[in-house]
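Visitor: I'd like to learn how to read a few features of a protein model. Could you walk me through them?

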Amino acid sequence: MAKTRELCKDIRDKIVDLHKAGMGYRTIGKQLGEKATTVGAIIRKWKMIKMTVNHPQSGAPCKISPRGASMIMRKVRDQPRTTRQDLVNDLKRAGTTVSKKTISNTLRRHGLKYCSARKVPLLKPAHVQAHLKFANDHLDDPEEEFEKVMWSDETKLELLGLNSLAVFGGSSMSTTKNTIPTVKHGGGNIILWGCFSTKGTGRLHRIEERMDGAMYREILANNLPPSLRALKMGRGSETHSQGN
């Protein structure tokens, strides 16, 4: 039978604290990334002996000391784009040799996960302010108003895209430091214009030349009206472009 993974004291104490707060086994397990059966065993042991410490056991001790674990936790929280190999190298320089799997296990026990950074458009401060103003101006608009809106935008599709960059994060991965800014134009490949509304997607147009104002107006004239008719949006509909 395979040896079960031993939880550190911090996680055991956290399980007990959440149990005292009224959480059930499954809820605690889901929040901490542990099995409900493991949570139950720890709580039952605590009820019997009022302790969460582990009895001494034979076998190899944990390779990452509590101080080392705190160090890597602090780094991935301050720099979410840190990779597992970066952490392996940091620990090696400090005199501790571990594998990337050990890094993953340690971080998972502390509630962090390893995933790929989201790619988002690179926005200038003026774009950010304009988007924020638009959102604030329409914050109280009824939902029915947005059913009359057709949104359009352009984007570049990378045929040979960048490799994903690993980041570590908890429950929310949408903050600025957990994303990779991307440039919408430049570098070639395929550039597309498209539109959509709450009723569905409209036409898709491939841009094969360098786009200027005249070309953009021509794209709108040739594609927006047919899209509005196809989606039966009717008169009074609005169009909004999200281009930079």
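What follows is a short chat about helix packing, a hairpin, an aromatic pair and some backbone angles.

Guide: This is a predicted model, so local features need pLDDT of at least 70 and side-chain atom pairs count only at pLDDT 80 or more, while totals for chains, interfaces and linings use all residues. Residues are numbered from 1 along each chain as its sequence is written, and side-chain values use heavy atoms, with hydrogens and water left out.

Visitor: At what angle do helix H4 and helix H6 pack?

Guide: Two packed helices are described by the angle between their axes and the distance between the axes. Helices (DSSP runs of H or I, at least four residues) and strands (E, at least two) are numbered from the N terminus. Axes are lines fitted to C-alpha atoms, for helices over the stretch in contact, and angles run from 0 to 180 degrees between N-to-C directions. Here H4 (residues 66–78) and H6 (residues 100–109) pack at about 80°, with axes 11 Å apart. H4 and H6 are therefore roughly perpendicular (65 to 115 degrees; under 35 is roughly parallel, over 145 roughly antiparallel, the rest oblique).

Visitor: Which residues make the contact?

Guide: Contact means heavy atoms within 4.5 Å. H4 brings Ala69, Ile72, Met73 and Val76, and H6 brings Ile103, Thr106 and Leu107.

Visitor: How do strands E6 and E7 run?

Guide: Two strands pair if DSSP finds at least two bridges between them. E6 (residues 190–197) and E7 (residues 200–207) run antiparallel, joined by six bridges. They form a hairpin with two residues between them, and glycine 194 has leucine 204 in E7 as its bridge partner.

Visitor: How many aromatic pairs are there?

Guide: Rings of Phe, Tyr and Trp (its six-membered ring) pair if their centres lie within 6.5 Å; planes under 30 degrees apart are stacked, over 60 edge-to-face, the rest tilted. That gives one pair. Phenylalanine 134 and tryptophan 151 have ring centres 5.8 Å apart and planes at 80°, so the pair is edge-to-face. Tryptophan 151 is buried at 16% relative accessible area, whereas phenylalanine 134 is partly exposed at 27% (buried is under 20%, exposed over 50%, partly exposed in between, with a 1.4 Å probe and protein chains only).

Visitor: Where is lysine 232 found?

Guide: Most residues other than glycine have a negative phi. Lysine 232, in the loop between helix H9 (213–230) and strand E8 (238–241), has a positive phi near 55°. Its relative accessibility is 70%, so lysine 232 counts as exposed.
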